[in-house]
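Reader: I would like a close look at one aromatic spot in this protein. Please keep it brisk.

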Amino acid sequence: MREAGLALCALLILLPEPPVCSQEPQNANIVREWGRTLGMELWKLNQALTKADKIRHNYKTMNASVKQKDGGQILRSSLTSVGTMLTKKINAVKCIHATAIELAREFNGTVDEDFQYCSAKYSEFMVVDEYTNETTLLTSVTEKPAFVIKENRHYETIYLENDSHFYDIAVNINRSCVHIPTNIYFKDEDAKNAIHWTRGLNDVFIKNYQADPSLSWQYFGTTYGILRFFPAMPWNMRKTDTYDCRVQSWYIEAATCSKDVVVLFDISGSMTGFKNYVARTTLKSLLDTLSNNDYVNVYTVSDNTDQVMNCSEGLVQATKENIGTLMDILTPTDEGKNHKIPLNGIANFTKAYIKAFATLKERRNETDCNVASTGGCNQLVMVITDYAFENLSAVFDEHNREVIDGVMYTPVRVFTYLIGREMAGLGELQQMACYNRGYFVHIHSVEEVQQQVLKYINVIALPMILNGSEPPPTWTHASMDHTRTYEWGVSPDVTKPDEDKLVTSVAIPAFDRYNENATLLGVAGTDVPIDSISKLAQPNQLGVNGYSFIVSNNGYLLLHPLLKTSINGALQVNYNSVDFVEVEQVDDGKDSRELGDEIKWLRQNLTEAVNGRMTNIEVLFHYDDMRRISRVKHDYFFSELVGTPFSMGISLPVGYGDTEMVLNSNPLEPTQEDHTDFNVTDFFRYSYRVHPDWVYCKYHYLEGHESDSPEIEVWNFLVNISKAEIDVTRKQYQEETSNEFSVETHCGDAQTPIDKDDYYCNEDLVKQLVFDAKLSYPYFHNWSDYTEHDVELTKKYGVSVRFIMTSSGFTRWHYLYDDDKNEWVDDDGYPHKNYSGKVLGDHYATSIEITPYKAAVLQSMINTESLVVASPLPVLDPAIKYRPPVINEFGDVTLTASYAIFYTENSSDTPASVVGFQFSHSQFRNRFMDISTEENGLSCNSSDYDCYIIDSSGYVVMSMDHEEVGQFFGVIHPLVLQSLIYKEIFEHVEVFNYQTLCPDSMLGDPNCSWTLSTPFTLIKWLLAEFLILLGDLYHWNHYAYANVIFEYEDYVEATTTTAPETEKEIPKEPIASMEDEITFSCDHRISLYILNQTHFLKTVEDNPVTYEDEVGECNPRYWASYVDHTNLLLMVIEKVDHENFSESCEKPPTTRPEPTPNSTDSREPCHKLGLGMLPRRRLEGCFTYHELEANASVCGLATTSVATPQFITFSTLLSALGSRLLCL
């Protein structure tokens, strides 16, 4: 249009009486000149302060060059390093596994009555001071139970030292400790035996650690719940201990294959009161044994069979979020009085079984599961009831039998959990379980629930045991290392982000095949920190805005820069089931939870562990905590992480992510310009930081080589490099010469211990670091080579500090007028400054990962000669409690300008560094007021106009009111921004945050099924509860396993091997604190904005002004001009009464996150169920069927009754009467 207009004007000039061509109004020209003047000053200021041109020239002088980099090659290199590391972890677990089997086989059952062991809960732990050798008692239990005091002779005293490798936790690296679940007595025969025979694992733990000091926690959990772990440390006793190794994902996933489970939960009229509580406890224990690899649903059984989750058809993935939802629906409110699903009617299990079998058959069809295959389906029906129902053999024969090639199979195992008193017909229930490859247990009390539930694991592990082959290593999804959290409070790491504390566990089940009845002994395992994997993924080679990620066979993330595990310090329920498609947002115009073909294809390749690439994918690249966005293209490279169910990938930005800088000279060696006593540390003598999470050089054993900071650690290595005492080519892991594992070649004394002073380095990163330090040294020590005009500009803009950040993770700064904040480094590498607070380097230490670096490089792709100027932004997400202020301690706002230096060689360029400075908003505003002097009646000093400078994301950078800085311009002047959107000066883009929370207040009132609405209802409920409870209490002590109750005073000699009995209380329902706002997982829609800078950059001479010179129906007069050499837009708006504009005028969406309607309909995660339909890869190496199973007699026995017939009759009548009352 602009070209056509000029052509028309030119034609009219040739006419005899040429008219005056339409020109921009005078006000537009005035605003343009303001923008040009301001922009040129900022650009000159940047050049004077950062010496960007000289630095760019120095890259060439120092013999650097640019080369193309191959994303596929980077990934292959990373996979080699990561694969070697993971192989060592697997081999360590194999050594534990093999040793455990041998120890169990050799154990003769003899245990000294006065045996001692390290009890993680009850031993005394003494911390040894490394400097004075003085010991301090570390108290883990404030008040020991009486039986612990009585049995104190069995508990060893353990001496601990703080170990930097184990996150400065006090541990003993020469000992292992034992954890025993609270409901198991350590003198129980099985427990005592397990404690004894697992002692021999201590030696293999130590030798594994000596051969690979990067090993984290090692452990072996027995089938009876005894956990031996290394190194020794006290357990967390700050809260009630509910830990049981047998329900941890590493144990369950190793001991069993992935499962499809239908739970039939009895909600008939008899399942009230305490029985309902026991039933729900049983259900929770069952669900706790499931993992992300399993699928589950719970059907309630009464007159009808209904699914618990209203929106779930069939099975849902057994994520913690889905399991929590199932339990929440079945958990009554108001201290157990109000059931969300009413308890009434008679349980019709014929209907229930038919529906369960049909659901599982449909699942088999969906997954192409062959029931005749030994590695086929692992499907279970688990029944929780108080009812010994009639013989259902006909139902099983019709619905749970399949004939393939003339052979009859039973595809679904049946497990029955009978709740409550003794009754007739128990034989039928047991036979039912045996008839369907299952197990039957009778649960009398809450205390025995866990033990009884876990018996099913041995049953479904049987095919793997009978198969006889070596079980494969099993890898878990991400989990949290709780020893590093506030929950345990034993590590300084508590202040680090929870994303850095994620681990995956590798585990192998150990079987006893030497006895007549082969059984599961336990599971061996170790934790592998995800952070250790990410460091081997060469983050420095990925470059700015590039990143690596790891995805499981289910599509869930273990590693991704956008993965959030915690909000407000609280671990999210679904932190280990965040799907890849929930963080990667392709620019395909799809709405919330809608997936385009590209992202689905990419995800499918990842879940299937395909080796491949996808290039030029248009993505919505958001950064600065989802407050800024760019429309860019990325290339994806991905491949299988061999030996695991995971895939690893990298994402590189198109346009600059395919190049890197190469050093043609070794910066570790002196050049002709260097002095004779050259030392590389000379370039690190003032104000600098290195990336705290990157590995430059490191000792294998951190203990004994601790450093007060990453900078001192680097300094010490650089000193030794200068002395030629360090070989920077040493790698952390040497490739295995043989892939074949054997105990003789890989375990015990066959392992080569790592020397205490052995180290490793990232050669390329160390050289790049020294290069960058040398490059920046002349320009950021002192500010020199400046003019009086330069100094005048710094004062006019209130410049405080200038900086440089490089691709090697190196950050350097210099405060112009506050030398107390500048550092100098002594001969030991320790920095000094006359200021106790944090300085710029502390905030910018992660260099290429922070917003000024990312934004500067993105801006250079639009305009190579331009700065990014930005202000701090307020947190608008209502779910976030911590909200850093925009206004600083001096009542001002600190603005940051950053500029990306691209080094160019032979038409190829690469982002080498980012320079910039920080300055005062109030001074910036004052300088602008000086520039915008009144002309033609237009002035920002006038009360007739509002003047703003906004950035390319639509946020206010300069305002007459500093309270508006950082605010979204569309909130202040929505009609003006909408006009700019109409003119395509701004565009708004929607992104979605699938990792956030919403308050319960957004939901409607909970739908309680019944309430105590009348006095008669209350009396009826109390009487019914009393009668049912009385029926149960009649035979309480005959069957209950005792809890270890701390209030127990008088020890009584036990007549059984369980812990001494204590007075019991019926557990009450937990009550949520009303002080804390209850939240639930939901989705947010966020509107973000992008300035169309190319509109203003069409020609250098043009720089058009966008304006409305007349008041319109929906806009005031305004003029908008690009601020040269920046990402800024100058806005001058005539003040008008907003009441002059109609309410019907369209306004742009704000940047405040808004919950999506489909995610706030209910607490149930129905909006996420579509993820369950996406492809997943079934794990291999699993055995779910063996023809010899029929010979095993492990289908459960009914507990022998000790009650009298009179008692049975009486208790039955009481319970029946109570149930009948509830139905009235």
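Author: Start with Phe-992. Its relative accessibility is 4%, so Phe-992 counts as buried (buried means under 20% relative accessible area, exposed over 50%, partly exposed in between, with a 1.4 Å probe and protein chains only). Tyr-994 is buried too, at 7%.

A word on the basis. The model is predicted, so local features need pLDDT of at least 70 and side-chain atom pairs pLDDT 80 or more, while totals for chains, interfaces and linings use all residues. Residues are numbered from 1 along each chain as its sequence is written, and side-chain values use heavy atoms, with hydrogens and water left out.

Now the rings. The structure holds 55 aromatic pairs. One of them joins Phe-992 and Tyr-994, and this pair is stacked. The centres are 6.1 Å apart, with 5° between the planes. Rings of Phe, Tyr and Trp (its six-membered ring) pair if their centres lie within 6.5 Å; planes under 30 degrees apart count as stacked, over 60 as edge-to-face and the rest as tilted.

Tyr-994 has another partner. The charged end of Arg-593 sits over the Tyr-994 ring, 4.2 Å from its centre. For such a contact, NZ of Lys or CZ of Arg must be within 6 Å of the ring centre and within 35 degrees of the ring normal.

So what is the picture? Tyr-994 stacks with Phe-992 and carries the charged end of Arg-593 over its ring.
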